[in-house]
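Please read these notes with the model open beside you. They go through the fold piece by piece.

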Amino acid sequence: MKIHHIAIWTQDLERLVDFYAAYLGASVGPEYANPRKEYRSRFLTFEAGATIEIATKTGLADHPGGEPRAGYAHLAFSTGSVEGVDQLTTRLRVDGFEIVDGPRWTGDGFYESAALDPDGNRIEIII
């Protein structure tokens, strides 16, 4: 068994899709729409084959507040190098995204930083 994809709800489909494409290198698939359910989504594919479905629908509730909370914690994206972590972290910071941790070496041996995507979802940038 393998994970096929993860899905993220958003109030603004285009904004979140654009973020993952511009900063994390996702290839963006065509939009799927189900007018009867007032649902739209797009699949994002990453170089190593992982996929994320970004979805929206009418009546979607706002993101729950409070950290930490039970459930989804973060998505981790590997740059392959310390320099890659530093460069992407700097680019996100300069472009106004919140960096919530790092870059730093963790106690379990990862070099990482953590940022928030436009919806406030935590992403980790690791070697």
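1. Basis. This is a predicted model, in which local features need pLDDT of at least 70, side-chain atom pairs count only at pLDDT 80 or more, and totals for chains, interfaces and linings use all residues. Residues are numbered from 1 along each chain as its sequence is written, and side-chain values use heavy atoms, with hydrogens and water left out.

2. Helix 1, length. Helices (H or I, at least four residues) and strands (E, at least two) are DSSP runs numbered from the N terminus. Helix 1 has 12 residues, and its first and last C-alpha atoms are 16 Å apart, close to the 16 Å expected at 1.5 Å a residue. The expected span is 1.5 Å times one less than the number of residues. Just after helix 1 comes Gly25, with a positive phi of about 75°.

3. Helix 1, buried side. Buried means under 20% relative accessible area, exposed over 50%, and partly exposed in between (1.4 Å probe, protein chains only). The buried residues of helix 1 are Leu13, Leu16, Val17, Phe19, Tyr20, Tyr23 and Leu24. They cover an arc of only 160° around the axis, which puts them on the same side of helix 1. The arc is that of the directions from the helix axis to the C-beta atoms.

4. Helix 2. The 13 residues of helix 2 (residues 82-94) should span 18 Å at 1.5 Å a residue, and the end C-alpha atoms are 18 Å apart, which agrees. Gly84, Val85, Leu88, Thr89 and Leu92 are buried in helix 2. Seen down the axis, these buried residues fall within an arc of 125°, so they line one face of helix 2. Glu83, Gln87 and Val94, on the other side, are exposed. The buried residues of helix 2 pack against helix 1 (13-24), strand 7 (99-105), strand 8 (111-116) and strand 9 (122-126); contact means heavy atoms within 4.5 Å.

5. Strand 5. Two strands pair if DSSP finds at least two bridges between them. Strand 1 (residues 6-9) runs parallel to strand 5, joined to it by 4 bridges, while strand 4 (residues 39-45) pairs with strand 5 in the antiparallel sense over 7 bridges. Ile52 in strand 5 is the bridge partner of Ile6 and also of Leu44.

6. Thr51. Thr51 and Ile6 are 45 residues apart in sequence, yet 6.8 Å apart in space, C-alpha to C-alpha.

7. Strands 7 and 8. These two strands pair in the antiparallel sense over 4 bridges, with Asp101 opposite Ala114 in strand 8. Their hairpin has 5 residues between the strands, and Gly109 there takes a positive phi near 90°.

8. Largest pocket. A pocket is an open set of points on a 1 Å grid over the protein atoms alone, where a 1.4 Å probe fits, with protein on both sides within 12 Å along at least five of seven lines; lining residues have an atom within 4 Å of a point. The lining of the largest pocket has 21 residues, and Phe46, Glu47, Ala48, Ala50 and Phe77 lie nearest its centre. Helix 1, strand 5 (51-57) and strand 6 (75-78) are the elements that give two or more residues to this lining. The largest share, 4 residues, comes from strand 6.
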